[in-house]
Amino acid sequence: MTKDDSPLVLPLAALFVALFIAPLCVLVALSLAKDANIASFTAASYVKFFTDSFNYSILFETLLLGLKATLVCLVFGYPIAWICARSSARLQSIIVFLVILPILTSVVVRTFAWIVILGRQGVINQVWTSFGFEPLRLLYTEAGVVMVLAQVQMPLMVLPILTVLGKMDPNLGDASRVLGAGEWRTLWRVTIPLSLPGVIAGCILTYTACITAFVTQTLIGGARLIYMPLNIYQQAIGANNWPFAAALSVIFMVAVLVIVGVLNAVGRRSETYGRA
Amino acid sequence: MAAPRTAVDIEALSLRIVFGVLAAIAMVFLVGPTIVVILTSFTASESLRFPPSGLSLRWYWALLDADQMQRAAWASLIVAFWTTIISVVLGTAASLAIARSSSKWVRAADVLFMSPLLLPALAFGFAALVFISRMGFSPSLTFLVLGHVIVCVPFVLRTTTASLTQLDPALLDASQSLGAGGVMTFRRVTLPLIAPGVASGAFLAFMASFDNVPVSLFLSDERTEMLPIHLWQQIDTNLDVRTAAVSGLIVIVTLVLMLIAEQMAGLTRQVR
């Protein structure tokens, strides 16, 4: 005799329609408009984007940046989740606490810490130059941006993998070992395939967070490394070219949605694989 | 017989060493910056060199005179406060529907509510600015808070829906068969049981709002400067040591709040 609770969704849905869906619709209209008045329409902004190599290479660089940072998160994040899933409850809490610490600390503050670490006289260069090497250029380089993004977004990779590994039946690993598979073989043939849904979920969250991380990209990358969010911001506020900024936003969002869609499809296939 | 046994052990050991080393590097990488911020903020010198040459509280004292920074911090706290209140009320209500209804409209709403986590917040901030100026309004505190709610409410929804799905429906039936109405059941049974999930979500939403740059960049009015944006500009232009002190303060307060959230609501269990 439980009554229908569906109407409770309505207040939030109303807010989303008024301040999320409606703005996005206006954004699409603006991207097709001649000017900020949205009086007459043209595809000029899109033509400009796809015919100007400067612009589409920014999109490409942004998508590539996300891929690199996501891979770093995966390589370092999976072992954390793997070890955490095998630890005692108390140690698990401590590890999760330390993992979510960066994501809860203000992103500006985290990025500031990295400036102190990566700068010309930063921690890394002090150690490096003490061996007699030339100082490394880390700030304002892509390698620096990838490194900082990986730290900032690592929790988004670790938590979903940990959830899946925590639910996994430990007997499966034992069975694999009893049947003669070594630890590495068990990892590749049993643990990783079964944790793929978590890996995919982690990759989706990490990837989207990395490519849209405006603050980290601009503070660590500087003014010369331009990625999509900074490009949108510069067109909207700096150049005051609203239709083009809107077109950039739409193209960027579509790119994000396509990538999420593809990863989701892979994720669904991996779930059926896990069950089989 | 002994040889294969050792071979297996070496293999097991090699996996543990490789994973252990990777995880150890990652943990240093994760925690290091926080320690750097805290230590740098106590420096006695004028520079941001790490490790600091001496320790003092002088930059924390200097914050007492930093009017602009204080105003920005205050504005951010107020926005984060209202964002959290609205996110918790609307988010908890929506979670009740999402956790219990199988209607396809509610499923679609769930996907919609989660999408701000994936879509570029900067594009949303710009879209919201375009929209409200088309409607003839200009950026204001109200729009800023509502814009923050859009990007912060997913955190409340996630943790609250997760606690609701773990709730035994028999408890609700028992409450109702004992004569409690819907509101009474919610207040006396459901809410106390999902409180840790709601509280964790509220904490995450508060931190996300306090930290938000992309939406605030577009939706805050010209007179109000938000703390993360103020700090961002400080870091970008003239990096002074007061920035380190504010950063240190933010990190320490965050740590304390996290420990409280862990004690009261089991934060680390709620986020999984």
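I count two residues as in contact if their C-beta atoms, placed from the backbone, lie within 7 Å. The model is predicted, so I note that local features need pLDDT of at least 70 and side-chain atom pairs pLDDT 80 or more, while totals for chains, interfaces and linings use all residues. Residues are numbered from 1 along each chain as its sequence is written, with chains lettered from A and ligands numbered from 1 in the order in which they are written.

**Entry 1: A:I80.** I looked up its partners, leaving aside neighbours within four places in sequence. In chain A, I80 touches A:I95, A:V99 and A:V158. Across in chain B, its contacts are B:A23, B:A26 and B:M27.

**Entry 2: the core.** Which residues touch the most other members of the largest nonpolar core? I found A:I80 again, with A:A81, A:I232, B:F126, B:A127, B:V130 and B:V153. This core holds 171 residues. Helix α7 (residues 142–167) of chain A gives the most to it, with 16 residues. By nonpolar core I mean buried Ala, Val, Leu, Ile, Met, Phe, Trp, Tyr and Cys residues joined through C-beta atoms within 7 Å. Buried means 20 or more other C-beta atoms within 10 Å of the residue's own, placed from the backbone.

**Entry 3: chain A overall.** I counted 12 helices and zero strands. Both are DSSP runs numbered from the N terminus: helices are H or I, at least four residues, and strands are E, at least two. The C-alpha trace spans about 75 × 70 × 35 Å along its principal axes. Of its 276 residues, 47% are buried. Among contacts with a separation of 6 or more, 72% join residues 24 or more positions apart.

**Entry 4: the interface.** I find 77 residues of chain A in contact with 75 residues of chain B. Helix α1 (residues 10–31) of chain A gives the most to chain A's side, with 13 residues. That side divides into 59 nonpolar, 13 polar and five charged residues. Here Ala, Val, Leu, Ile, Met, Phe, Trp, Tyr, Cys and Pro are nonpolar, Asp, Glu, Lys and Arg charged, and the others, Gly among them, polar.

**Entry 5: a helix pair in chain B.** At what angle do α6 (residues 141–165) and α8 (residues 182–210) of chain B pack? I read about 160°, with axes 8 Å apart. The two are therefore roughly antiparallel, the term for angles over 145 degrees. Their contact includes B:V153 of α6(B) and B:G197 of α8(B). By class, I list 14 nonpolar, eight polar and one charged residues there.

Methods:
A residue is buried if 20 or more other C-beta atoms lie within 10 Å of its own, exposed if 12 or fewer, and partly exposed in between; C-beta atoms are placed from the backbone. Axes are lines fitted to C-alpha atoms, for helices over the stretch in contact, and angles run from 0 to 180 degrees between N-to-C directions. Angles under 35 degrees count as roughly parallel, over 145 as roughly antiparallel, 65 to 115 as roughly perpendicular and the rest as oblique.
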